[in-house]
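Subject: Structure handover

Hello,

Here is the structure for you to look over. My notes on the sheets, helices and rings follow it.

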Amino acid sequence: MDDNILITNKEVGKFEQREDGVYLAIYRDTKDEYDFSEIKKEIIRKGVVNSDFDQIRKIWEEATGEPVKIADYFERYDTLKDKYIDVSISENEMEAYLSLGVPEGLVEIKLNDVLYKLYEYGVEKGIDEDTIQKLIDSGQPVRNAVVAKGKPVVNGKDANIEILVDLDKSAKPLITEDGSVDFRNINLIKIVDKDQLLAVKEPATEGEAGYSVTGRVTPPRAGEDILMPRGRNTYLSEDGLQLFSEIIGNVFYEDGVLNVENVYVVRGNVDFSIGNISYPGDVVINGDVKADFSVHTEGNIVVRGTVEAAEIVSTSGNIEVKNCLLYTSD
């Protein structure tokens, strides 16, 4: 390995030792392939611990390719400092610990010395330089202080769809102002307007990769997508995240999708199980309309059974009871 080459596998720059000091050149055609943090790490990894990285960053940013003096001499990491610097890594490699002894005589521990040892032990990510500097400045012995942390993987969230309309088909009798309960008005029909927002989707996320202090990357599990429940007479927004009604009508959930129909179909009788009907479209009743119940609509009414003493009103459509066609008056 040539210690004069800044990045070993691809020459980004080069050190040069001259009589009057150490010079560094950075080459523009390759420097943009690397982040400055990688340049800094590579210099310290080579054992150079007296680098002025503010000056080196300026040389790296300008990248003229011309040698610039950065120091009077190379100061290499002194292995005598191993006595005072100890690095360890947790079993799951998510934390790195630093222990410091109090230097004796002329020995002085600096930040770059500690970084050199961390890199030597394979610690590459999540290093907290501010914490390391504070520990050094304290001048006190340090035992197993956390100086690097990995990042736990964050798996993606599954897509989620929120239905914004009331689909509850359970009978809810009307409670009147005097406190009495009207069992003939139980609000089973769920009417929506044209262009009404029916549902919104929160898309799945990819998640965020995690990493250990040694640089081992854990890819996330991406969230699972789900389809919008688009049924009859509905449409999606351009981004596919909102579902709207195309018409005024009755909204209901069937076969996993939301549908809107202009025709409201009663499969049985209009009685206490269905309640009174007030609807803006057409109504088809496959059974009977029981006594004291009412059907009010703006469209056509078809009753396939009988009509007892009930109120059947259409403001602008036809009324058909069995095979008898009745026209409403204006």
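Three strands make up an open sheet, ordered S11-S18-S19, with antiparallel pairing. Strands here are DSSP runs of E with at least two residues, helices are runs of H or I with at least four residues, and both are numbered from the N terminus. Two strands pair if DSSP finds at least two bridges between them. The edge strands are S11 (191–192) and S19 (257–261), and each pairs on one side only. S11 and S18 (residues 249–254) run antiparallel and are joined by two bridges. Ile-191 has Asn-250 in S18 as its bridge partner.

Two notes on the source. This is a predicted model: local features need pLDDT of at least 70, side-chain atom pairs count only at pLDDT 80 or more, and totals for chains, interfaces and linings use all residues. Residues are numbered from 1 along each chain as its sequence is written, and side-chain values use heavy atoms, with hydrogens and water left out.

Next, the other open sheet. Its four strands come in the order S8-S12-S17-S16, and the pairing is antiparallel. S8 (160–163) and S16 (234–236) are the edge strands, each pairing on one side only. From one strand to the next, the twist averages 20 degrees. Four bridges hold the antiparallel pairing of S8 with S12 (residues 197–202). Within that pairing, Glu-162 stands opposite Val-200 in S12.

There is also a hairpin. Strands S4 (residues 85–89) and S5 (residues 95–100) run antiparallel, joined by five bridges. Val-87 has Leu-98 in S5 as its bridge partner. Five residues lie between the strands of this hairpin, and there Glu-93 takes a positive phi near 65 degrees.

Now the helices. Axes are lines fitted to C-alpha atoms, for helices over the stretch in contact, and angles run from 0 to 180 degrees between N-to-C directions. Angles under 35 degrees count as roughly parallel, over 145 as roughly antiparallel, 65 to 115 as roughly perpendicular and the rest as oblique.

How do H2 and H4 cross? The axes of H2 (residues 36–45) and H4 (residues 111–120) come within 9 Å and cross at roughly 90 degrees. H2 and H4 are therefore roughly perpendicular. Lys-41, Ile-44 and Arg-45 of H2 make the contact with Asn-112, Leu-115, Tyr-116 and Tyr-119 of H4. Contact means heavy atoms within 4.5 Å. By class, this contact has four nonpolar, one polar and two charged residues. Ala, Val, Leu, Ile, Met, Phe, Trp, Tyr, Cys and Pro count as nonpolar, Asp, Glu, Lys and Arg as charged, and the others, Gly among them, as polar.

H2 also meets H3 (residues 53–62): their axes come within 11 Å and cross at roughly 130 degrees. That makes H2 oblique to H3. On the H2 side, the contact uses Phe-36, Ile-39, Lys-40, Ile-43 and Ile-44; on the H3 side, Phe-53, Ile-56, Arg-57 and Trp-60. By class, the contact of H2 with H3 has seven nonpolar, no polar and two charged residues.

Last, the rings. Rings of Phe, Tyr and Trp (its six-membered ring) pair if their centres lie within 6.5 Å; planes under 30 degrees apart count as stacked, over 60 as edge-to-face and the rest as tilted. The count by this rule is five aromatic pairs. In one of them, the ring centres of Phe-36 and Trp-60 are 5.5 Å apart and the planes lie at 55 degrees, so the pair is tilted. This pair links distant parts of the chain, with Phe-36 in H2 and Trp-60 in H3, 24 residues apart.

Best wishes
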